[in-house]
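Hello,

Here is the structure for your review. My notes on its strand pairing follow below.

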Amino acid sequence: MQENKNICKLISREILFGLDDSEKNELQIWLNESDENVVLYEKLISESNIQAYHHKRSRINVKANWKVIEKRISSKRRLYVTSLVNCAAVVLIIFSFVSVFYLLNKRIDNKHNVLAHQVIKPGSASAQLILADGDKIDLSNNASNKQVEFAGGVVDRDSAVVKYLNKETSEVERYNTIVVPKGGEYNLQLSDGTTVFINSKTSLKFPIAFVGNKRVVYLEGEAYFKVAKNKKLPFIVKSKHMDVQVTGTEFNVKAYNDDKQVETTLIEGGVNILSGVDKKEKVILKPSQQARYNSIGDRLVVEKVDVDFYTAWRKGQFVFKEDRLEDIMKVLGRWYDFNVFYQNKSTREIKFSGNIDRYESIYSIIDVIKCTQKLDVEIKGKTIVFIEKSR
Amino acid sequence: MRTILKIGKKNKQDFKFLFNDFFPLLVLFVDRYLNDEDKSADVAQESFIRLWKSSNTFDSNDKRKSFLYTTARNICLNEFRHDVVVDEHNTVVKCLDSDIFFRDNIIEEETYSLVYSAIDKLAPQSKKIILLSLRGYGNIEIAEELNISVNTVRTLKQNAYKKLKSFLHDYFYLITVFF
């Protein structure tokens, strides 16, 4: 699976600008696997095939085809009306398979929700940049000016890039910290070109400029890194229980203090994971692998995973697979602003699966949970209470 | 008691983006089965419509593309009886329903998609230069064709290669997950 993706990348590189030695080796290994591979390869790199492809592709009129399709998909109204006797069964399935949903006929609950709607909101909060000398700068997108001036220079709101007036300051390794609150997100650019996508309730401490023989940042929370390639300067993400060391690649680190474990998921490239007591235990990850470290049991597990599941947050989604209600609410609590109480232990343990769009109203989500008839829910202001269903 | 449920707010805008990016690939993919550009466009359209109507949720574009490739292939194999193509010596040239043929077609499409989407991101002049160079034109021939100096061609080409390398680095999200 991964191999096929890699082959496409290698061959496209060969077509455009050629391969380096290690890439040539990789390709040769694949070519040695079968005659079909060789035949396919020869075909793909042949000028005549590329020409033919180019001609055919330029003859395709996407706009015209879209118009035809658009008519066909708009012809029916996207509304399914069903007579439901057993709400629980149908809705549980829907919760499991549908990404955005809401119930329209909530007569009894409407009273609560009309008032409550204003109270619990999904994320939109702004990040804050804390400079090395303690200055705090608000990175809200609502502000009219894109740049903020402070005593030492200028900050760009969109990327948190800081330009210092006094160039000498920028050469000393001083650290800024970006704090993303509950309900916020932020994309950060580091001085080496690395991009960091930061999730809610996360803080990242990073140097103004990378000096020395490595690039080090400190993470508490969750972030997705696209590290700019630099073989001479390893990039290290340090969190409380795990260090991730790379030279240039893409990976996701989830290290919330209130979680039992740290997870690093590798999308592309290679990383070294250092964890355990004194962070001495070293493991090398390959793409699509995840390293999970549990500090309580001092256990490190490396496993192949569905990368999309662990990076769904970047696409604005929460994805749950047989997750406990308490864990689900913990994740939602980093985005929506509410308090949650569980009447007893059994309510915490009820499991759900599903996809939720981040900008969906929490009330819709709660309504669907209620409809499963596994438990009752009461919402008063910002407080959500889960109550066991008495049968 | 009747409850109205609005199932799955399918986002037409997202669908349109997917269509714009992926329709050409799918047409060319099908064309390898059918060897008929018009019929291929029809099959590709039908596949997209089935994706839209599908009651599954796909939580990534990779999975949507997987569905599209598979659906397109199934339509081809169902509607067109001959699943074996022979040449003049009656040798089996390709077996349309084989997994290898499927895999090869996907690799071909995805590889060229990478090449072309990367090239598409270049500035117009650089793009022309790279396209000509792919067709086997040398620097001098490109300079003649575009009416610019050979030095300009060389410089633009070098810069274009740098950009292409960085575009391909972000490729991951373009590629289908195979099985």
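Two strands count as paired if DSSP finds at least two bridges between them. Strands are DSSP runs of E with at least two residues, numbered from the N terminus.

This is a predicted model: local features need pLDDT of at least 70, side-chain atom pairs count only at pLDDT 80 or more, and totals for chains, interfaces and linings use all residues. Residues are numbered from 1 along each chain as its sequence is written, while chains are lettered from A and ligands numbered from 1 in the order in which they are written.

**Pairing around β12(A)**

Start with β12 of chain A, residues 215–226. Strand β10 (residues 195–198) of chain A runs antiparallel to β12(A), with four bridges. There, A:Lys226 in β12(A) faces A:Thr195. β11 (residues 202–207) of chain A is also antiparallel to β12(A), over three bridges. A:Ser203 has A:Glu220 as its bridge partner.

β13 (residues 235–238) of chain A pairs with β12(A) in the parallel sense, through four bridges. A:Arg215 is bridged to A:Phe235. β15 (residues 250–255) of chain A is antiparallel to β12(A), with six bridges. One pair there is A:Ala223 with A:Val253.

**The three-stranded sheet**

This sheet is open and mixed, in the order β22-β25-β24 (chain A). β22 (339–342) and β24 (375–380) of chain A are the edges; each has a single partner strand, so one side of each lacks a neighbour in the sheet. β24(A) and β25 (residues 383–388) of chain A are antiparallel, joined by six bridges. A:Glu378 pairs with A:Val385 in β25(A).

Best wishes
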